[in-house]
Amino acid sequence: MEVVERAETAVHSPALLDGEDVNDWSKEDEDSVEEATLPAAPIVVESERVDSPPLEPAQHFHEEVESNLQELQLEKKEVKLLGHEELQDPGEKEEEKKRHLNVVFIGHVDAGKSTTGGQLLLLSGQVDDRTIQKYEKEAKEKNRESWYMAYIMDTNEEERIKGKTVEVGRAHFETENTRFTILDAPGHKSYVPNMISGASQADVGVLVISARKGEFETGYEKGGQTREHVQLAKTLGVSKLVVVVNKMDEPTVNWAKERYDEIETKMIPFLKSSGYNARKDVHFLPISGLVGINMASRVDKKVCSWWDGPCLFEVLDSIEIPLRDPKGPIRMPIIDKYKDMGTVLMGKIESGTIQEGDSLLVMPNKANVKVLAIFCDEKKTRRAGPGENVRVKVSGVEEEDILSGFVLSSVVNPVNAVFEFNAQLQILELLDNAIFTAGYKAILHIHSIVEESEIVELIEEIDVKKKKDADPKKRKPKRKPLFVKNGAVVVCRVQVNNLICIENFADFPQLGRFTLRTEGKTIAVGKVVALPAPGNSTFA
Ligand code: GTP
Ligand code: MG
């Protein structure tokens, strides 16, 4: 079992508005997908390695992003945790039976994401006692005694010295029915782009909140990452949230029900305003990541008399996630690529099933490719379906001709490649309370694309509090607004300089929702509502 870490970019990040009830993005998701259930199953040890070479920035990345990328010195990092023997390749039948879930750990800096992720690996038998003892010693030497559990996920020297995750840590464990990949995102505001990359690969988020006195408050207030991470996660396709109220063991908390209730009561309206259905999409529970309480087994009544709910493993095991269409057209946004006797494309399949021997199209450069091999984690497989993180070896295209953000697509019904689109935007917080008008420039983050964009026209402002306005069918045409302010919901036209492969949110939510960021701050989240006619890249 090894943990691989990778960095992408570092810029600094924003504060978010406590949105009032805004457009519920989740509703549309729910309408368009079925739900799959997962029966509870024991954790089984898995040993494997994900080889992820450094991500090369697309040529058209924003300069700032590029320079930050260099600053971070992309490196592949691997740490051996346990000498478990590789599990045998599963048979075809078993392979089909098991679903794969990516779980991203998000939340404010120091909330305990790495500690909880590390504990989860320890409790599922991925880390042996000797390794933990070694980490305890190392943490002590660095005067970071309480960080030893986080060292399981935080593998590089910088992270261990500072006690902060920088790169998204990745580790695996599996249950009888599910293979889990944990993605441990950094909480620090400087590394929001890394968090975005982690969250864009995940279906489920574990939002870690510190219950410690003052810490919940700092994370939740404007400028804290609790809010920003939630809003980004929703926009990036994380459909379910497990909210763990962590550090319940801490002396200022001591498993107090009042503190837990206070946090839940404050979080729920915010989660709703971010588009999560609090009843269907969100699950709260108290834990101690450091001590490992209410994680693998339910908390002892002697420790916490009032908790009757499930433990973390039970929740993860039973989580239901939207089913993507295995028979739909193939869409795999490419997050990385490298050469290995052919061109290897890495990404998550968002729709359709890729099979060995398939003829596919890389868009937008319309390169016809043939699938030579498919790998899920380290295992070779003949086919892979939606939700899988895969590496696909193809012939027919040179590695140099591919940029991250390109999309591997079916030949019939290929992905749209456009220079412009109409979007419905929720303005979160503009820099210095600027006004939002035509000519506004921002960095567009949509699936694995990072691209400079410009708002060229404001089409309509939507008053989400008016029922009529919220329903596009009942909405009456209005005069085009010249500008809008913080908190507004507006339909506008967005242009980019390079062809980008995107879809209408209604057709493929994962390829149709995005964030706009300026100077390292998320200023808006949005969804694609109209594209040029098929085959056209502009509306004109
Ligand atoms: P970043 O990666 O920097 O965003 O932080 P993180 O969320 O990964 O937090 P990390 O796991 O590094 O933990 C931060 C500090 O909180 C460490 O000192 C941990 O020991 C402590 N901590 C984490 N979980 C718990 C817990 O359940 N109880 C107590 N008492 N302390 C905890
Ligand atoms: Mg961390």
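Modeller: A charge counts as sitting over a ring if NZ of Lys or CZ of Arg is within 6 Å of the ring centre and within 35 degrees of the ring normal. This is a predicted model: local features need pLDDT of at least 70, side-chain atom pairs count only at pLDDT 80 or more, and totals for chains, interfaces and linings use all residues. Side-chain values use heavy atoms, with hydrogens and water left out; residues are numbered from 1 along each chain as its sequence is written, and chains are lettered from A and ligands numbered from 1 in the order in which they are written.

Colleague: OK, charges over rings then. Which ring does the charged end of Arg-144 sit over?

Modeller: That of Trp-147, with the charged end of Arg-144 at 4.6 Å from the ring centre. Another case is Arg-493, which lies over the face of Phe-539 at 3.8 Å from the ring centre.

Colleague: Now ring on ring. How many aromatic pairs does the structure hold?

Modeller: There are 10 aromatic pairs. Rings of Phe, Tyr and Trp (its six-membered ring) pair if their centres lie within 6.5 Å; planes under 30 degrees apart are stacked, over 60 edge-to-face, and the rest tilted. Phe-173 and Phe-313 make a stacked pair, 6.2 Å centre to centre with 20 degrees between the planes.

Colleague: Where do Phe-173 and Phe-313 sit in the chain?

Modeller: Phe-173 is in strand β6 (residues 168-175) and Phe-313 in helix α11 (residues 312-318), so the pair links distant parts of the chain, 140 residues apart. Helices (H or I, at least four residues) and strands (E, at least two) are DSSP runs, numbered from the N terminus. Both Phe-173 and Phe-313 are buried, where buried means under 20% relative accessible area, exposed over 50%, and partly exposed in between (1.4 Å probe, protein chains only).

Colleague: And Phe-421 with Phe-514: what are the numbers for their rings?

Modeller: Their ring centres are 5.6 Å apart and the planes are at 75 degrees, so this pair is edge-to-face. Phe-421 belongs to strand β21 and Phe-514 to strand β27, so the contact ties together parts 93 residues apart in sequence. Phe-421 and Phe-514 are both buried. Ring pairs also link Phe-173, Phe-180 and Phe-313 into a cluster.

Colleague: Let's stay on β27. Why is strand β27 described as largely enclosed by the rest of the structure?

Modeller: Because six of the six residues of β27 (residues 513-518) are buried. Arg-513, Thr-515 and Arg-517 point one way, while Phe-514, Leu-516 and Thr-518 point the other.

Colleague: Which strand do four bridges join to β27?

Modeller: Strand β23 (residues 441-446), running antiparallel to β27; two strands pair if DSSP finds at least two bridges between them. The bridge partner of Leu-444 in β27 is Leu-516. β27 also pairs with strand β28 (residues 521-530), in the antiparallel sense over six bridges, and there Thr-515 stands opposite Val-525. The hairpin of β27 and β28 has two residues between the strands, and Glu-519 in it takes a positive phi near 45 degrees.

Colleague: Switching topic: what does the salt bridge count come to?

Modeller: The count is 24, a salt bridge being a side-chain nitrogen of Lys or Arg within 4 Å of a carboxyl oxygen of Asp or Glu. Among them is Asp-203 with Lys-348, whose closest N and O atoms are 3.5 Å apart. Asp-203 lies in the loop between α7 (192-199) and β8 (204-210) and Lys-348 in strand β13 (residues 343-348), so this bridge ties together parts 145 residues apart in sequence.

Colleague: Are Asp-203 and Lys-348 buried or exposed?

Modeller: Both Asp-203 and Lys-348 are buried. Asp-281 forms a salt bridge with Lys-240 as well, the closest N and O atoms being 3.6 Å apart, and Asp-281 and Lys-240 are buried too.

Colleague: Last one, the surface. Which residues make the nonpolar surface patch of about 330 Å²?

Modeller: Ile-435, Leu-482 and Phe-483. Patches are made of residues with over 30% relative accessible area and no salt bridge, with like charges joined within 9 Å and nonpolar side chains (Val, Leu, Ile, Met, Phe, Trp, Tyr) within 5 Å. Areas come from the Shrake-Rupley method with a 1.4 Å probe, and for residues only the protein chains shown count as cover. Ile-435 is in the loop between β21 (416-427) and β22 (436-437) and is partly exposed, with a relative accessible area of 43%.
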